[in-house]
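Welcome, and please open your viewer before reading on. We will go from stop to stop, and at each one you will hear what to select and what is there.

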Number of protein chains: 2
Amino acid sequence: MKGYSGKILHVDLGSGTFEVEQPEEAFYRKYIGGSAMGAYYLLKGTKPKVDPLGPGNIMVFSLGPITGAPISGNARHCVTTKSPLSGTIMSSEAGGYWAPELRFAGFDAIVVKGRAASPVYLWIHDGKFELRDASKVWGKFTADAEELIRAELGEPKARLALIGPAGEKLVRFAAIANDLRHFNGRGGVGAVMGSKNLKAITVRGTIKPDWYNPELFRTLAKAGSEKVNAEGFYKTFRDLGTTMNVDWNSDIGGLPTRNWTMGTWEKREDIRAETYRAKMMDKYGGTCWACAQSCKRDVKGGLEAPWKVEARYGGPEYETIGMCGSNCMISDLPTIAKANEICSKYGMDTISAGGVVGFVMECFEKGLITTKETAGLDARFGNGPALVGLIEMMAKREGFGDDMAEGTHRLAKKLGNAAMACDMTVKGKEFPAHMPQSKRTMALMYAVNPFGPDHVSSSMDGEFSGEIGETDKGIGIYDTVDFKELGFGKAKAVAYTQRAVSAIDTFTVCNFCFNTWTIFSFEDLVACVNAATGWHYTVAEMMILGERRINMLKAYNVREGFDSSDDNLPRRLFDEALIDEGAGKGQKVDERAFLEARKAYYEINGWDPVSGNPGKTKLMELGLEWTIA
Amino acid sequence: MKGYSGKILHVDLGSGTFEVEQPEEAFYRKYIGGSAMGAYYLLKGTKPKVDPLGPGNIMVFSLGPITGAPISGNARHCVTTKSPLSGTIMSSEAGGYWAPELRFAGFDAIVVKGRAASPVYLWIHDGKFELRDASKVWGKFTADAEELIRAELGEPKARLALIGPAGEKLVRFAAIANDLRHFNGRGGVGAVMGSKNLKAITVRGTIKPDWYNPELFRTLAKAGSEKVNAEGFYKTFRDLGTTMNVDWNSDIGGLPTRNWTMGTWEKREDIRAETYRAKMMDKYGGTCWACAQSCKRDVKGGLEAPWKVEARYGGPEYETIGMCGSNCMISDLPTIAKANEICSKYGMDTISAGGVVGFVMECFEKGLITTKETAGLDARFGNGPALVGLIEMMAKREGFGDDMAEGTHRLAKKLGNAAMACDMTVKGKEFPAHMPQSKRTMALMYAVNPFGPDHVSSSMDGEFSGEIGETDKGIGIYDTVDFKELGFGKAKAVAYTQRAVSAIDTFTVCNFCFNTWTIFSFEDLVACVNAATGWHYTVAEMMILGERRINMLKAYNVREGFDSSDDNLPRRLFDEALIDEGAGKGQKVDERAFLEARKAYYEINGWDPVSGNPGKTKLMELGLEWTIA
């Protein structure tokens, strides 16, 4: 078997011992990488109802078969663990530079269990590994810790997946950073790392992967680069990145504003892509290892909000602009960039952080939270200093920040019924910046996704409206899906595209590089898998792989007691129409249509239409009967 | 839309009128061709419980998107109609020369309805069409009718899909021939043609299809030709054709012998491929239009059994050798060739014909049938003249032949219980020459296939035993399937490979040219579809297409009242172990395992585990909700 390192490193932080596993090819072929591989170890290696922040939880850092191939989109790794935010399994991916470095260091995955007695970091280099004392970097911001560890090792080229103070303090939505600007952001994977006293996994390698057909990578990479440099969509996407989303989301009434009560905002001009470029950037955006698409957002040096913004932490993506910006009614881009910087240096998810602040602001305006809690901050919508102050409080768990660090859902329950009506979470996890009221796919997806609301676990409404042969993605969606309808067609589109994206995540390739609207297609993706491994993979198998991963995540959740009653939406989405005067006006989710679509989605997946859980036959079909043995 | 002619010809034989339909691209994209397109017209255009031999039945002759592309395997058409043998929908494919000629004549399909008042033939040439009097050729053997019609039209290059006297006399397993050696053989499609007074569909065309990317066909065809000419499997298959099967079926105890009671035979040497080549051929076998694989069997001129064998009717394939040879215990190859010739000239399925004779021979030996019925023929196993005589009797419906022409199942019911124990049919259709006792896939497939027992509607056991990445076919079967077991793995393998073959048949390409063991792969197949049409088809869509066709065939059968009680096997397979002394010894089908595998198969397909029928959600998922509207 080519491509893979063939080695998986197991580390027990409690005993400080290591084990190197060399699985059979059949294992790789079936579980591939990403969170399919991660779920395998979680299902096998943890007890049901384990405390996510206790030593019984495990974390899996895993790559895919192509990771480290010199072509766009192959610089990603996945962290799988039980989430302290949702209590579900969590699959959290990040791009950057860490993943290829782990491959070059000789491993396909790292399985971390137990808890170190005192802060440590893991150092892996060219097949060797050791745990090292991290007490000197504990408490440090990500940038400072990274610098100190590189210096200590004398390895300026070492790459670190590390946590900041938020992870150490077990903020339930703490993230893991690599190269300061790339994050396993969602679901609190950084808190799990903190709970294990593990500050960083530092990797450095010079082992060249043994690809089956490296020529294909060269050919495709050249074609990809030409696409990005030609005038057209790919170039625009490179120039504007995800901040492009401000415009089209606004156009359909889907820009989250005022804690999800409005879908358009009169200040959209202030936060849109072109404004961002003009005001905050002075060159192309950043990128991940070997990527021609280069969609990341930077901020130029010397940027000042009321505070100086540190450029080394990168700039806000659309999600950050949506959640810390419009949803909190903050239109000052440097202020949003500051919020982003704080989240980055403390190691915290900007989506959940912005979601908590939006919730707090609504509660503040309703008198459910006062300046007593906010330490004097005037936490009304639109107050930039309040945003920045609240985010810093939660990152430090300072005062009321300690409650905010528990996430919206726990905080709402503590505040009582009136606050709970403003709680915009599913499974305790905050929504990303795509509105279920105006994007019907998201209404379904936020409810059913095994690791809670997610915008990149399926395609979105806007992606289904084109011509036959153009937008069907080659995965069996030909019937044009009505944008406005949450009907059967949408349930099918969600189920099918969820499988496709699930496979993308299992290969740990980038959803922005390998998809239908991207520089590389699904056929290119399987061609890359075959070029890496020498296998004979097809898009048909890719879809089954995607289904296998989803069922593994479900199998974990079933074990934890989840069922269809957890696959629901906040009442606000059903009961309260959007109050903006634009395209969002009057939009809400039709509850009956939602319930019917959810049932159809379960049935299309071969799951029980009532419990929403996979039965024995489906698990057997996917080779997963052992998950219920 | 490229590739397709874009026109479908509807002909009403009752009124003698025509209509040319020009469907939207969406129609082609969804129903593609073959029996998916055929089932569409059958479901829309016939009433439930229609008499298969009455004017209310319709026949669809349909191509696929690549038909007529200059590359192996693209010379096939499908006939879809309600079968007079099984009462189910029938999907019967043939290779040869007719299909590309229909495309060059400007049509993608012909839908025939009604019944002509007197014999007619249909003449289609370069977009034009007419019905012509066939009274002068009615009653003629296929070769003679073909010659006369070509002469009448002055078109020596015209291609004919036509029936012989068996079709005219409504033999329930009459076939449709083209170029004398290629047959839509199974299920009595020739009888339906006969019931409509339609002797032939004669086509001739010079319209060049407008392919999207003809270059790909040239490249692939060249590669295919090189494969066939290199030493190795493909060359062997060209040299030996399907007669290769005698050996490997014998090795596993799966050569049908003595009406399905033995799986090995001491005379296998007499009927194996090398003996055939040495004794009956003097050059390479025949072929279909533009095919490099050239697997067809010829017989040399001047061959004599007790009778002269006419070479122009071609030679027996493995199926004929198995059913008219070993299953009747006839080891003389020229006698088998004679039986084949009679079936060909009368236009009759050699599989069903051999099956009926095997049944009659067993009944004769048991005293259930006597020389009174057989007109003096000593119809014991092994008597060559009896084989030839019985086949001629049934082709002519002469005396007892009239009962035999009704097929094994109807004949057995007429003869009573003792005979019914020897009835080796499912849904009234005779088995092809692959034994369910030793090939577990076939035990399941013969029971569940919508148009009855079929050996080329899924892969077979022997195809699943290889290494990872080699035999998984890229469609999601990785777990090695135990050859001896009829368990869940086999149910899944049947379900998945049935979808793949179903798509192959919907594209109307050749299963012996596009598969995993063939010169072209599934990826090559979808690449050809895209080269023909300009679409963006993938193997994933191919699998869904296959599933759609199966569900359409099922939807038709459900309408006719079929359910799981019809998806069963003759008791002999469960109750009586094979009595040969070789590899077949003691083999039978485990009934409990069969029932469990059948249930698993239903569930994997998303069908009701009890009725075995598709429900609303599955039909909606495949865009087929209209079939139950």
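A salt bridge here is a side-chain nitrogen of Lys or Arg within 4 Å of a carboxyl oxygen of Asp or Glu. Over all chains, the structure holds 102 of these salt bridges.

Before we start, note that this is a predicted model: local features need pLDDT of at least 70, side-chain atom pairs count only at pLDDT 80 or more, and totals for chains, interfaces and linings use all residues. Residues are numbered from 1 along each chain as its sequence is written, chains are lettered from A and ligands numbered from 1 in the order in which they are written, and side-chain values use heavy atoms, with hydrogens and water left out.

**Stop 1: a salt bridge in chain A**

Select A:Asp144 and A:Arg312. Their side chains meet in a salt bridge, 3.4 Å from N to O. Where in the chain do A:Asp144 and A:Arg312 sit? A:Asp144 is in helix H4 (residues 142–153) of chain A, and A:Arg312 is in the loop between helix H11 (273–280) and helix H12 (318–325), so to speak distant parts of the chain, 168 residues apart. Helices (H or I, at least four residues) and strands (E, at least two) are DSSP runs, numbered from the N terminus.

**Stop 2: a sheet in chain A**

Now colour the strands of chain A. An open sheet of 6 strands runs in the order S2-S1-S6-S3-S4-S5, with mixed pairing; two strands pair if DSSP finds at least two bridges between them. Strand S2 (17–21) and strand S5 (89–94) of chain A are at the edges with a single partner strand each, so one side of each has no neighbour in the sheet. From one strand to the next, the twist averages 15 degrees.

Select strand S1 (residues 8–12) and strand S6 (residues 109–113) of chain A: they pair in the parallel sense over 5 bridges. Here A:Ile8 stands opposite A:Ala109 in S6(A).

**Stop 3: a sheet in chain B**

Move to chain B, where an open sheet of 6 strands has the order S8-S7-S12-S9-S10-S11 and mixed pairing. Which strands are at its edges? They are strand S8 (128–133) and strand S11 (182–184) of chain B, each pairing on one side only.

Zoom in on strand S9 (residues 159–162) of chain B. With strand S10 (residues 176–178) of chain B, S9 pairs in the antiparallel sense over 2 bridges: B:Ala161 has B:Asn178 as its bridge partner, and B:Leu162 has B:Ala177. S9(B) and S12(B) also run antiparallel, joined by 4 bridges, and B:Leu160 is partnered by B:Thr202 in S12(B).

**Stop 4: where the chains meet**

Finally, show both chains. The contact takes 31 residues from chain A and 32 residues from chain B. Together the chains bury about 3100 Å², 59% of it on carbon and sulfur atoms; buried area is the accessible area (1.4 Å probe) that two parts lose on being put together, summed over both. How many salt bridges does the rule find across this interface? The count is 0.

Notes:
Contact means heavy atoms within 4.5 Å. Axes are lines fitted to C-alpha atoms, for helices over the stretch in contact, and angles run from 0 to 180 degrees between N-to-C directions.
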